[in-house]
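I opened this notebook to record what I looked up, one topic at a time. The structure comes first, then my entries.

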Amino acid sequence: MDLDKISFNEDGLVPVIAQNYYNGKILMQAYANKEAIQETIKSGYATYFSRSRQSLWKKGETSGNLQKVIDIKIDCDEDSLIYLVVEEGPACHTGEESCFYRNLNLEKDTKPLPFEILHKLYEKIEERKNTKPEGSYVAKLFEKGSDKIIQKVGEEAIETVIALKNKNKDEIVYETADLLFHLLVALVDSGVKLEYIQEELLKRYK
């Protein structure tokens with residue numbers, strides 16, 4: 001990256017958004033000067049400039065919640081950046097994954113956004129597997145074991161094929177959602193993370 005192309009403000013800073021590389025979630029907003037960006041590129045971990053301390057700030061240096069930077073994007077006006085990161089802990093000092101966890105009414109958002117739903121479902125399935133809440137459909141699937149989970153994937157795959165054959169859009173949407181859900185259960189059961197699937201698909205994208 002040619003840092004001379006960046007339009008820093010009068011204080012020599014540029015706003016930086018940290019965004020989750022895998023699910024697209026906006027994590028936080030901070031500022032960086034030229035030195036902070038150079039350090040980010042050199043170390044591979046997100047480094048910002050603290051306006052209150054007037055010094056460089058490596059995210060997670062004390063908390064351990066580091067942000068491994070996969071790529072850096074610049075906007076069309078060349079006056080703001082995005083760090084695409086893999087988190088090693090929550091971004092927010094409150095312990096929330098993202099600093100943007102509330103709406104304008106200062107109410108906490110609990111419903112996932114469309115682009116993160118698969119990752120959130122995966123996390124919820126992992127949680128149900130570990131906590132085994134009474135009455136949970138997912139917990140019951142795990143109790144019945146891998147063979148039952150695999151059987152359900154097969155059943156949902158057949159129902160999806162039938163829906164596709166019938167060319168009924170409502171059925172296709174419903175059955176595909178069922179299939180994806182049970183595939184997520186099977187992935188959790190097998191210890192295969194969604195990120196592994198994403199990386200494999202990236203290899204195939206040409």
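Entry: I noted the cut-offs: buried means under 20% relative accessible area, exposed means over 50%, and partly exposed is in between, using a 1.4 Å probe and protein chains only. The model is predicted: local features need pLDDT of at least 70, side-chain atom pairs count only at pLDDT 80 or more, and totals for chains, interfaces and linings use all residues. Residues are numbered from 1 along each chain as its sequence is written, and side-chain values use heavy atoms, with hydrogens and water left out.

I then counted the aromatic pairs and wrote down 3 for the structure. Rings of Phe, Tyr and Trp (its six-membered ring) pair if their centres lie within 6.5 Å; planes under 30 degrees apart count as stacked, over 60 as edge-to-face and the rest as tilted. Y48 and W57 make a tilted pair, with 5.2 Å centre to centre and 40° between the planes. W57 is partly exposed, at 26% relative accessibility. Y48, W57 and Y83 are linked into a cluster by ring pairs.

I also looked at Y21, which is partly exposed with a relative accessible area of 27%.

**Entry: T40 and helix 1.** Where does T40 lie? I found T40 in helix 1, residues 34-43. Helices (H or I, at least four residues) and strands (E, at least two) are DSSP runs, numbered from the N terminus. T40 counts as buried, because its relative accessibility is 1%. Not counting residues up to four places away in sequence, T40 touches Y45, A46, T47, V69, I72 and Y83. Contact means heavy atoms within 4.5 Å.

In helix 1 I listed A36, I37 and T40 as buried. Seen down the axis, the buried residues of helix 1 fall within an arc of 100°, so they line one face of the helix. The arc is that of the directions from the helix axis to the C-beta atoms. The buried residues of helix 1 pack against several strands, including strand 1 (14-20), strand 3 (47-50) and strand 6 (81-87). Just after helix 1, G44 has a positive phi of about 85°.

**Entry: K58.** I placed K58 in strand 4. Is K58 buried or partly exposed? At 28% relative accessibility, K58 counts as partly exposed. K58 touches Y45, A46, T47 and L66, again not counting residues up to four places away in sequence. I also checked K58 against E39: they are 19 residues apart along the chain, and their C-alpha atoms are separated by 8.9 Å.

**Entry: helix 4.** I checked the length of helix 4 (residues 146-166). At 1.5 Å a residue, its 21 residues should span 30 Å, and its end C-alpha atoms are 30 Å apart, which agrees. The expected span is 1.5 Å times one less than the number of residues.

Which residues of helix 4 are buried? I wrote down I149, K152, V153, E156, T160 and A163. They cover an arc of only 100° around the axis, which puts them on the same side of helix 4. The face turned away from that buried side carries the exposed residues D147, I150, I158, V161 and K165. The buried residues of helix 4 pack against helix 3 (137-144) and helix 5 (169-190). K167 follows helix 4 and has a positive phi, near 55°.

**Entry: A139.** I found A139 in helix 3. A139 is buried, with a relative accessible area of 3%. Leaving aside neighbours within four places in sequence, A139 is in contact with R128, K132 and P133.

**Entry: the two domains.** The domain assignment gives domain 1 (3-87) and domain 2 (116-203); such bounds come from an automatic or database domain assignment. The C-alpha centres of domain 1 and domain 2 lie 35 Å apart. The contact takes 4 residues from domain 1 and 6 residues from domain 2.

I noted that domain 1 and domain 2 bury about 520 Å² between them, 49% of it on carbon and sulfur atoms. Buried area is the accessible area (1.4 Å probe) that two parts lose on being put together, summed over both. Y22, N23 and K25 supply 88% of the area that domain 1 buries against domain 2, more than any other three residues.
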